[in-house]
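Colleague: I would like to learn how to read a model like this one, feature by feature. Could you take me through it?

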Amino acid sequence: MQPRNMSMSGVVDLAAVKAAQEAKAKAEQARAETARQGGGGAVSPASLVIDVDEAGFERDVLQRSAEVPVVIDFWAEWCEPCKQLGPLLERLTAEYNGKILLAKIDVDANQMLMQQFGIQGIPAVFAVVAGQALPLFQGAAPEAQIRQTIDQLVQVAEERFGITGIAVDPDAPQDAAPAEAPAGPYDALLEAAVQALDAGDLGGAVQAYKNVLADDPGNTEAKLGLAQAELLQRVQDLDPQQVRKDAAEKPADVAAQIAAADLDLVGGHVEDAFGRLVDTVKRTFGDDRNAARVRLLELFEVVGAEDPRVAQARSALARALF
């Protein structure tokens, strides 16, 4: 597997003035809150490399990215190049001494995260800075190129977001664990849904999320989880080649376009999924148009209302309808 371009061209999106200002403000607020709660102290060197799963992704990656750039290593036990890249990334993380944090994600155990990031092959390396995700490279790569990429990542974090990393104390306790917050009223059900997803029990995950929403219809985590689980449930038995063939040969077949849009989204092609359904809405009427519209709204739930691609697609949908 050949590595992709190792440049930080993906940072161009982060450099947009408005996005950068908003992300920097959020990062500063998060750091202030961490300091207020007595956090943000020095960590042990061993704490710079962590294993992350879907349940802890928001806490361990998104929230931590407000104080240190988080490099994500997507790997699997059966992946031979991963066994070469992983130790190299761990060694470099130690050398950068708090300038970056390395999060290791086993794709076999965390299929949802793999799909959300649009991973096509492993090893794949991403970064999250101030809650903003960007691709770094895919496949094995020379150490010198990886160092250059990390240097650029650290520079972007410092210059655009004021993120300078975390202090490292070689004598800090390695096994210290943060106190757990009290369990909320639906934590057990939400955890059951995550465990069902990890086990491949999509029906069980769907039901668990529905159980939460039955009592708390506005629960954001359950709404997002349900939309994602239902999407995975819809595509699990599809033949991708046949679906693509049907969609290409039958542009007027709404069911074919809807199925292809589902596959687009699972594959990480968000704009393609949205564009396909907006185009379907434009050229259909009655029940067919409504079916395409409803599925598009469901896919909005999967991606999340704060994603700018959702806002753009909503505007396109409005123009198509009115």
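Colleague: Let's start with L265. Which residues does L265 touch, leaving out those up to four places away in sequence?

Modeller: Keep in mind that this is a predicted model. Setting aside residues up to four places away in sequence, L265 touches L231, V270, A273, F274, L299, V302 and V303.

Colleague: And which core has L265 among the residues with the most contacts inside it?

Modeller: That is the largest nonpolar core, with 47 residues. L197, Y209, L231, L265, F274, L296 and L299 have the most contacts inside it. The elements that give two or more residues to this core are α7 (187-198), α8 (202-215), α9 (220-235), α10 (240-249), α11 (254-266), α12 (270-282), α13 (286-303) and α14 (308-321). With eight residues, α11 gives the most. Another core lies apart from it, and its 27 residues include F57, V61, F117 and V128.

Colleague: Now a single residue, A247. Is A247 buried or exposed?

Modeller: Buried means under 20% relative accessible area. A247 has 8%, so it counts as buried. This residue is found in helix α10, and it touches A256, Q257, A260 and R276 once residues up to four places away in sequence are left out. As for spacing, A247 and I258 are 11 residues apart in sequence and 8.7 Å apart in space, C-alpha to C-alpha.

Colleague: What about Q115: which residues is Q115 in contact with, beyond its neighbours within four places in sequence?

Modeller: Those are L232, V266 and G268. Q115 is found in helix α5 (residues 111-116). Its relative accessible area is 19%, and because buried means under 20%, Q115 is buried too.

Colleague: Let's move on to the sheet. How should I read the strand order?

Modeller: Strands of a sheet pair through backbone hydrogen bonds, either parallel or antiparallel. Here an open sheet of five strands has the order β1-β3-β2-β4-β5, and its pairing is mixed. At the edges stand β1 (49-51) and β5 (132-138); each has a single partner strand, so one side of each is left without a neighbour in the sheet. Direction ignored, neighbouring strands of this sheet are turned by 25° against each other on average.

Colleague: In which sense do β4 and β5 pair, and over how many bridges?

Modeller: Strand β4 (residues 124-129) pairs with β5 in the antiparallel sense, over six bridges. Helix α6 (residues 143-161) lies across β2 (70-75), β4 and β5, and runs at about 15° to β4.

Colleague: How many disulfides does the count come to?

Modeller: A disulfide is a covalent bond between the sulfur atoms of two cysteines. The count comes to one disulfide, and it joins C79 to C82, with an S to S distance of 2.4 Å. The link of C79 and C82 is right-handed, with 80° about the S-S bond. Both ends are covered: C79 is buried, with a relative accessible area of 3%, and C82 is buried as well, at 6%.

Colleague: Finally, the whole chain. How many helices and strands are there in the protein?

Modeller: There are 14 helices and five strands. Of the 322 residues in the protein, 43% are buried. The protein exposes about 16800 Å², and carbon and sulfur atoms supply 50% of that. Among contacts between residues at least 6 apart in sequence, 72% join residues at least 24 apart.

Conventions
Residues numbered from 1 in each chain as written. Predicted model: local features only at pLDDT ≥ 70, side-chain atom pairs only at ≥ 80, totals over all residues. Heavy atoms only, no water. Core = buried A, V, L, I, M, F, W, Y, C linked by side-chain atoms within 4.5 Å. Buried < 20%, exposed > 50% of the residue type's maximum accessible area, 1.4 Å probe, protein only. Helix = DSSP H or I, 4+ residues; strand = E, 2+ residues; numbered from the N terminus. Contact = heavy atoms within 4.5 Å. Areas by Shrake-Rupley, 256 points an atom, 1.4 Å probe, with all protein chains shown as cover. Pairing = 2+ DSSP bridges. Axes fitted to C-alpha atoms, helices over the stretch in contact; angles between N-to-C directions. Disulfide = S-S within 2.5 Å.
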